[in-house]
Amino acid sequence: MIRTVESEPHASPPVLAAYSYCEAVTGRQARNFAYGIRLLPAPQRRAMSALYAFSRRVDDIGDGALAGDVKVARLEETRALLTRIREGEVDEDDTDPVAVALTHAAGHFPIPLGGLDELIDGVLMDVRGETYETWDDLKVYCRCVAGAIGRLSLGVFGTEPGARGVDRAPEYADTLGLALQLTNILRDVREDAVGGRTYLPADDLAKFGCSAGFSGPRPPEGSDFAGLVHFEVRRARALFAEGYRLLPMLDRRSGACVAAMAGIYRRLLDRIERDPEAVLRGRVSLPGREKAYVAVRGLSGLDARHVTRRAVRRRV
Ligand SMILES: CC(C)=CCC/C(C)=C/CC/C(C)=C/COP(=O)(O)OP(=O)(O)O
């Protein structure tokens, strides 16, 4: 895949206003990913904000307090909007800034918009209350809600002309999405349980005596909760190592964006590994200054070089 846009795409005042709206949503809500997105040049940053704002809308429908059938209807309305965007039926005077911005972004970058259909499919799985027996089952969900976001983002980043192994770039972007999502699932294990959701595979929960779930700040009686967490952390690390193979295929600023997003989540994983029960007490997060530090390291390529060398040594 070769980048098709090298310079600032022409954007009219209504389109710029729509992008500003999406950038405000991203700045306010993407507590972790905004640090990476900010490292991109303006056209890519705006396009990523449009993707983020659309994805946020879909996610918020799934997480909100509406009745299940109303959520399904809202998600299908959003899918219909996506079809209008894809078919070029949204013009720049439309009243929906997210639709205007995403239409412009998709007109200037080869974004595989079908990934947003996959996201909607994944959120519908949430609404139906699906649970997952095995990691293979959970992977299907993670591919929809996060792998697809990786592949969509790759459309904005593009790949460096002549980069080796570039035909595998979408696969690596997808795998990075899985790594982020599994980290997110570990971080939010208690919050999700309180909301009536369990994402971790039932067979893993059983193996570590955790089938009773996580309703309180303490692990289930007699379980090996730390063992479960360490097992999933190792799985997430292997996914990060594999997904990092994408980095040498990206230009410096896109690589920095990905390294910052992944670097922040990898540090969350480190914290969770050091103190597994922390995820039962509250939401594990990094201080703003640490996220900014990781972003700067991303820009200097430090994290990326470190992890890709390790990945090659381990032949993950
Ligand atoms: C190649 C590439 C760019 C891959 C990245 C793909 C990507 C950004 C996937 C996002 C998946 C994810 C963990 C969303 C959580 O959002 P949230 O709003 O719950 O996150 P937060 O609570 O941590 O802010």
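Which element gives the most to the lining of the second largest cavity? The second view below answers this. The model is predicted: local features need pLDDT of at least 70, side-chain atom pairs count only at pLDDT 80 or more, and totals for chains, interfaces and linings use all residues. Residues are numbered from 1 along each chain as its sequence is written, and side-chain values use heavy atoms, with hydrogens and water left out.

**View 1. The largest pocket.** The largest pocket has a volume of about 1,200 Å³. Its lining counts 45 residues, with F33, R56, D59, Q181 and N184 closest to the centre. Two or more lining residues come from each of α2 (33–37), α3, α6 (114–127), α7, α8, α9 (189–194) and α12. By class, the lining has 23 nonpolar, ten polar and twelve charged residues. A pocket is an open set of points on a 1 Å grid over the protein atoms alone, with protein on both sides within 12 Å along at least five of seven lines; lining residues have an atom within 4 Å of a point. Volume is the space filled by probe spheres set on the points, which are joined across faces, edges and corners.

**View 2. The second largest cavity.** α9 gives the most to this lining, with three residues. The space amounts to about 60 Å³. Among the lining residues are I185, V189, D192, R197, Y199 and F214. The classes are seven nonpolar, one polar and two charged. The structure holds three cavities of 30 Å³ or more. In a cavity, a 1.4 Å probe fits but cannot get out. Helices (H or I, at least four residues) are DSSP runs, numbered from the N terminus.

View 3. The ligand sits in the largest pocket (more than half of its atoms lie within 2 Å of the grid points). Around the ligand are 19 residues (a heavy atom within 4 Å). R31, N32, R56, R187 and Y265 come nearest. α3 (42–63), α7 (135–157), α8 (169–187) and α12 (252–274) each supply at least two shell residues. The shell divides into ten nonpolar, five polar and four charged residues. Ala, Val, Leu, Ile, Met, Phe, Trp, Tyr, Cys and Pro count as nonpolar, Asp, Glu, Lys and Arg as charged, and the others, Gly among them, as polar.

**View 4. Side chains at ligand oxygen atoms.** A polar side-chain atom of R187 lies 2.9 Å from a ligand oxygen atom. For R283 the distance is 3.3 Å, and for N184 it is 3.5 Å. Taken alone, the ligand exposes 640 Å², and the protein buries 91% of that (Shrake-Rupley method, 1.4 Å probe).

Definitions and conventions: A polar contact is a pair of N or O atoms within 3.5 Å; within protein, one must be able to donate a hydrogen and the other to accept it, and residues adjacent in sequence count only if both atoms are side-chain atoms.
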